[in-house]
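Dear colleague,

Please find below the structure that I am handing over to you.

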Protein chains: 2
Amino acid sequence: MLEKMFYPASVAVIGASQEKGKVGRDVLNNLIEEFKGAIYPINPKATEIEGIKCYKSVLDVPGSIDLAVIVIPARFVAQAVKECGEKGIKNVIIISAGFKEVGVEGARLENEVKEVAKSYGIRIVGPNCLGVLNTYSGCNASFAKKMPPRGHMSIISQSGALGTAILDWSEKTDIGFANFVSFGNKADLNEIDFMQAWKDDKETNIILAYLESITDGQRFINVAREVSREKPIVIIKSGRTSAGARAASSHTGSLAGADAAYDSAFAQCGVIRAETMDEFFDLAGGFSNQPIPKGDRVCIVTNAGGPGIIATDACERYGLKIATLSTETVDKLKTTLPPAANFYNPVDVLGDAPARLYEFALNTVLADDGVDGVIVVATPQSMTDPVGIAEVIAKAKKTTDKPILPCFVGGVVMDEGVKVLRKYKLLNYNAPERAAYTMRMLTKYNSIRNRVFEKPRQFEVDKDTVRKVIDDARKAGISVLGLEALPVLEAYGIPTLKYRIVDSADKAVATAKEFGYPVVMKIVSPQIVHKSDVGGVRVGLDSDEAVLNAYNKMMRDVKVAVPHCQISGVLIQQMAVGGKEVILGVNRDPQFGPLIMFGLGGIYVEVLKDVQFRVAPLSEHDALGMIYGIKAHQLLEGVRGEKPADIEKLVEFLQRLSQLVTDFPEILELDINPVKVYEKGTGCLALDARMTIS
Amino acid sequence: MLEKMFYPASVAVIGASQEKGKVGRDVLNNLIEEFKGAIYPINPKATEIEGIKCYKSVLDVPGSIDLAVIVIPARFVAQAVKECGEKGIKNVIIISAGFKEVGVEGARLENEVKEVAKSYGIRIVGPNCLGVLNTYSGCNASFAKKMPPRGHMSIISQSGALGTAILDWSEKTDIGFANFVSFGNKADLNEIDFMQAWKDDKETNIILAYLESITDGQRFINVAREVSREKPIVIIKSGRTSAGARAASSHTGSLAGADAAYDSAFAQCGVIRAETMDEFFDLAGGFSNQPIPKGDRVCIVTNAGGPGIIATDACERYGLKIATLSTETVDKLKTTLPPAANFYNPVDVLGDAPARLYEFALNTVLADDGVDGVIVVATPQSMTDPVGIAEVIAKAKKTTDKPILPCFVGGVVMDEGVKVLRKYKLLNYNAPERAAYTMRMLTKYNSIRNRVFEKPRQFEVDKDTVRKVIDDARKAGISVLGLEALPVLEAYGIPTLKYRIVDSADKAVATAKEFGYPVVMKIVSPQIVHKSDVGGVRVGLDSDEAVLNAYNKMMRDVKVAVPHCQISGVLIQQMAVGGKEVILGVNRDPQFGPLIMFGLGGIYVEVLKDVQFRVAPLSEHDALGMIYGIKAHQLLEGVRGEKPADIEKLVEFLQRLSQLVTDFPEILELDINPVKVYEKGTGCLALDARMTIS
């Protein structure tokens, strides 16, 4: 899929210009530079450009064409795409601007182009983009200043400017590209298509993306989950905080904020989220040219104590293990390093160490089975040989499948070594923390690619009841349901507190008996809002007699307090005693769909905001991750002599809820608050709910 | 103070070597390079070096000497220092290694040197260090490779290697030095002395330090608090996590971890802690050459949307405000920027903007009173002129007292602009997050220098009682006190739960009456450990009769359960009802002394680790900061209809505790757990305590 977009045999440039400096000319020149296939400039007013024969239209070109690049004014693009369709061209890149991004008329033009493309089965990149390039086919179908170096990054950028910044960085560091796509308005092809296309691309070691939005959240998750097993996916997603002001009416919605869905979704599908541009570049270098380590035990080799301690701190902060070297390794180090050296991790070869001592130390620790990766720290002391140390690292890399991250700290002197590292396409991490971060993400990716994905469990449920509740509510013009939502939960196998409205003392007693004591009794009257104020609430009724007396007293009291009220009856409700209170909620994220929230009840959610989110559908792993992800999770496991809560049932509860909101997109929001989680083996119970339907 | 260490009129090099490449020769050559004062090489075997007359000893030098640099083997150093003393030299830098860092014999030599120096009133830097330099006096009394550029950083480095890395970075960026000190073993002068010395140094804009330890925590806090009003102090402190394994016996100690004291102390005295090397360098550049902003409202000027959004995200993440531009500013921007530009913050001048549009936009937003500082983002698009933009920034800086942070994102192309920035000693922040971080710290320093420091309140207390309790315990060989510690708290005005041991039913009733009902009764017997198991605990006794009955029943029950036990009587204790439980604790940090902890009782401390630390003595500001610093602080302010707790009394409670542990260093650890905080206006009460004395 999309093979011909990156490896075409022939390319047409529609709008190839005779005038130097025009985008249509830049694109042509970029192609001429390295592309070995056929190039067809299309320009009705020219006979040849740069010595290549021009055609009036793609329809006049004798041979077949794999890819067309369009660089003509927006209003002519639809016609050009039509001609591409007639010619049988299946891949089109529209660089031209003047579409959706400029307003209504542009959006109309863009839709027209989309319609035409669809009718011919043409796939489109753009419009309003920098273009596409592949360094191996030599096809630079973009107006980027020049072909970047070859390498193993494949990058998607939703911002052309950021794309140019990355290309400029690449030229400086020589961390090269396999593919580069700037997709502008995403009229057709989007980030998901390219991730999929590069999954099996043999030159791609890492898929990077700068994104401001995601087109289809659920598809993104499904595709990224598959792709991330083969290739690391690193995304920098902006618009993190500014969208935070979005109004949210539900409890869950207000806690979710703007970015919880992205964080959750990325984690669920194995995408690594770079939080900063530095992290983005550091991972680009790391995943391009370093092997994935088998574990997280790091050894540091340094020529100074201070930076060694800083590197150790940083590794620990990122959750890496400081490798314990074997006695054989320590003994071997002692044979050659000076007596004042440190033979334990961090291995300090001392300030006057020549490159050969670095080499000895590095090879010795690499041979230790207890070491999964090495960070080589070097500072510019009087005897330091940055060039020699860089060569040592490059040489060692050829003989090992463990990552070796260089961390040369300094400036002018160390840059001599950094230049040598560049020659070997090794990115230098100029601060120990950055090397540690990169190592951590390399090890994290090892877990990502090895993880087992269990499909979300499917329960037998009663969809018809839910359908009916929703339809009835819609007919009645009701969009927010309270206790009436409980049958929806029951239909999905989620146990709820029993309740019933009865209109006589006898029925009250019979119902209470059926539910089991104790029960709660509440007056039901359209005129009474604050039930407690008028004696309309009684809790803890624990016998037939108590229910009978309460019923009679309530009828009297209420009529005295609100003389002319209509009484529909009383609500008899099971009384939930004991257990831990938790809150479950669902909110619909505009990109990812149903976002499920979990937290402990009361102040844990309201004051401490100690909640976890995941995008539905939830696997068991996801549900467990939510429960153990809250800071106060120990309260469910049992502290201070309490018995553990029924976490197994809670996991099922979460998965059933996930199935419900996946099956019914009409459920916009759903707070189940509180849910009682009883002792292990005794289940959970939803006490109250609030559901908003579309 | 220490004036002559940095601005000497004459310097002797003891150990100046004839042999090139020796440290003693490097030091001499470094001095010759720029130092305009008298230089006296001291070498008994030479008559002249580099054309300068040599002397056998400082005692042979005819003129007076302000500073001596010693570069001879460790065993001869004491004698050399003695001669310095006789010559009247007051400042000595000992570069030689072979002292404390190599073991017992070295430590002995170091002590000898210290003794000699002390007897002559000589101040020493080192031994085992890189030396000292000042770029304005031209005195490079170090073996650093060359004199770094002039500038406004003054740096202290506990690691020579890190010092060389900073010097190397400085050469690359041209962010220059005023002073540089590598102090090695800190035999005499330490970080505190240099902070103090540079407080009024007119060339110093920022004091930076790399530290692995602090010599005298309490003095450090006092000095840093004063110095940080005049100069920003930025410290990178390593050894953050590795020391975490230190054993701790008290509750407070185990929660404190290794680094809480540093974090608390730095915050209390206005030191900015850099968490990474990147932050350290970024702040070095920022504080050296940028003015301190008056507020935290930032404007972003960019030539692209994507990086503008990333910069906005970063500013919000760091708690900066995105400035709202005035209508005048927006109108003015509209007069000149193209229609498709963004006239609101972030101001987007668009991808094809020439430098003059950057200039117009930058000057326009700088003139807005609602803007405190500007971040200028530039990416390498086809028309981008990095050199022009850099010149625009440099020019604008001359006309404003607001910081302008350049953020050129890219590589080769943008480096052309970075070179121009370097010419103006402006550090480029190559990632938007780094510019935002630096801006945040500039604004933070504005608060630091403007803060009001109130002296810790001093209460009238009864020291004698505390003295007596401690002495009695020591006499009795007791190091851990339980309820017996309560009188200590009472003596410092901290109300405690009343209790008394009585030996008859009558006395029990009288005591209960005196304390007020309800009360608790507990058996007191050396043979009975688990009091509840034998009927030895009764709570909630609420009348004379209840106390009487409980007393009689307890005597019977206990004797049945433990037939031959000796009964000393019963403990009658006030029963504390209502209120919120909090925990206060004190732990002694080896560097900073008494470290006070505060948290909410129960799971908040044990499970959620929601605690705050401060180093005593506590100001009211410190105490309030502890209370409002915990995540669950709203629980004390009153949530869900509860009344607010007596925070005023809690503040006093914390300050009284602070005074107690400051007055009595013998109190090693003290947990007061729980303390009941009652409704506003009704005070606090310590229920139990556990105190460890030395």
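How much area is buried between chain B and chain A? The area buried between the two chains is about 4,900 Å², and carbon and sulfur atoms give 60% of that. Buried area here is the accessible area (1.4 Å probe) that two parts lose on being put together, summed over both. The size of an interface is often given in this way, as the accessible area lost when the parts come together.

Please note that this is a predicted model, in which local features need pLDDT of at least 70 and side-chain atom pairs count only at pLDDT 80 or more, while totals for chains, interfaces and linings use all residues. Residues are numbered from 1 along each chain as its sequence is written, chains are lettered from A and ligands numbered from 1 in the order in which they are written, and side-chain values use heavy atoms, with hydrogens and water left out.

**The two chains**

In the interface, 61 residues of chain B are in contact (heavy atoms within 4.5 Å) with 61 residues of chain A. Between the chains there are four salt bridges, each being a side-chain nitrogen of Lys or Arg within 4 Å of a carboxyl oxygen of Asp or Glu. In one salt bridge, the side chains of Asp415(B) and Lys172(A) meet at 2.9 Å, N to O.

**A sheet in chain B**

Chain B holds an open sheet of four strands in the order S21-S24-S22-S23, with antiparallel pairing. Strands (E, at least two residues) and helices (H or I, at least four) are DSSP runs, numbered from the N terminus, and two strands pair if DSSP finds at least two bridges between them. The edge strands, S21 (499–502) and S23 (537–541) of chain B, each pair on one side only. Strands S22 (residues 519–524) and S24 (residues 569–574) of chain B pair over six bridges. Met521(B) has Ile572(B) in S24(B) as its bridge partner.

With kind regards
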